[in-house]
Amino acid sequence: MADLGDPKAALHHYLQATRDDLIWKLEGLSEREARLPRTATGNNLLGVLKHCLNVEAGYFGPTFGREFPTPEELVPMQAYDEDPQADWYAREDETKDGLIDLYRRIGVFADQTIEQLPLDAPGRVPWWQPGGQIVTLQRIIIHVTADLARHAGHADIMREQHDTAIGLRRENTNVPHDYDWPAYVTKLTKLADRFE
């Protein structure tokens, strides 16, 4: 268990918990189920994971003068010129298990950056606007954790819509068990209908 009284350890702990949650939302899904678009803009569970792994590789790599050892596994920056959604879906040659493995390896790579540098270590985000590119490791850990948490929320909803798998974490769903969800939804619908 991390010493959550230490700021760096606490930040790192929440980043890792969010990574684990994203991977958990893909457990038990077939390739098709993981890839299937679940929103009008094509969001899908495997695409969310692929986006997040590219986010981490960028922010904990080039921002601090590091490069992921196998950059050919990542979406290259020029790919976004052709397809701005290039990191939001798995290509035919990519698999769910392969992307999960890649995300775990990127987590190790990002963790090395976090472990090797102090929180006030300077970095530069080259794709941010001039004048705002200079950052610290602390800011990047917070930025990436917030970004991943937002996407973990997307994954929560998409997975619930798929098979009602819900919860904060595998070991602690933070959701009442044996609750009459249909009755609850009916109650909320009736409340909403009062405002037609």
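Rings of Phe, Tyr and Trp (for Trp, its six-membered ring) pair if their centres lie within 6.5 Å; planes under 30 degrees apart count as stacked, over 60 as edge-to-face and the rest as tilted. With that in hand, select Y59, W127 and W128: ring pairs link these residues into a cluster.

This is a predicted model, in which local features need pLDDT of at least 70 and side-chain atom pairs count only at pLDDT 80 or more, while totals for chains, interfaces and linings use all residues. Residues are numbered from 1 along each chain as its sequence is written, and side-chain values use heavy atoms, with hydrogens and water left out.

**Whole chain**

Zoom out. Seven helices and two strands make up the chain. Both kinds of element are DSSP runs, numbered from the N terminus: helices are H or I with at least four residues, strands are E with at least two. The order from the N terminus is α-α-α-α-α-β-β-α-α. Along the principal axes, the C-alpha atoms fill a box of roughly 55 × 45 × 35 Å.

Colour by accessibility next. Of the 196 residues, 40% count as buried. Buried means under 20% relative accessible area, exposed over 50%, and partly exposed in between, with a 1.4 Å probe and protein chains only. Now turn to contacts, meaning heavy atoms within 4.5 Å. Among those between residues at least 6 apart in sequence, 71% join residues at least 24 apart.

**The core**

Which residues have the most contacts inside the largest nonpolar core? Select L22, L49, F60 and I140; the core that holds them has 42 residues. α1 (7–24), α3, α5 (96–116) and α6 (137–163) each supply at least two of its residues. α3 gives the most, with nine. A nonpolar core here is a set of buried Ala, Val, Leu, Ile, Met, Phe, Trp, Tyr and Cys residues joined through side-chain atoms within 4.5 Å. In soluble globular proteins, nonpolar side chains tend to be buried together.

Centre on F60. Leaving aside neighbours within four places in sequence, F60 is in contact with L15, R66, F109, A110, T113, I114, L137, I140, I141 and V144.

**Helix α5 and I106**

The expected span is 1.5 Å times one less than the number of residues. Buried positions in α5 include K96, Y103, I106, F109 and D111.

Pick I106. Its relative accessible area is 0%, so I106 is buried. Beyond four places in sequence, I106 is in contact with L53, E56, A57, F68 and L74. I106 and L53 are 53 residues apart in sequence, yet 6.6 Å apart in space, C-alpha to C-alpha.

L74 counts as buried because its relative accessibility is 15%. With neighbours within four places left aside, the contacts of L74 are L53, N54, A57, F68 and I106.

**E56**

Move to E56, in helix α3. Is E56 buried or exposed? Buried, because its relative accessible area is 0%. A polar contact of 2.8 Å joins its side chain to that of R19. Such a contact is a pair of N or O atoms within 3.5 Å; within protein, one must be able to donate a hydrogen and the other to accept it, and residues adjacent in sequence count only if both atoms are side-chain atoms. Beyond four places in sequence, E56 is also in contact with other residues, including L15, Y103, A110 and L148.

Select N44, in the loop between α2 (31–35) and α3 (45–59). N44 is buried, at 4% relative accessible area. Its side chain reaches the backbone oxygen of G42 at 3.1 Å. Beyond four places in sequence, its contacts include R35, W88, Y89 and M158.

Stay with Y89. The charged end of K50 sits over its ring, 5.8 Å from the centre. The criterion is NZ of Lys or CZ of Arg within 6 Å of the ring centre and within 35 degrees of the ring normal.

**Last stop: α7**

Show residues 181–193. This is α7, with 13 residues, and from first C-alpha to last it reaches 18 Å, close to the 18 Å expected. At its start, a side-chain oxygen of D180 reaches to within 3.1 Å of the backbone nitrogen of A183.

Finish on aromatic pairs, of which the structure holds four. Y179 and Y184 form one that is edge-to-face, 5.6 Å centre to centre with 75° between the planes. Y179 is partly exposed at 39% relative accessible area, and Y184 is partly exposed at 31%.
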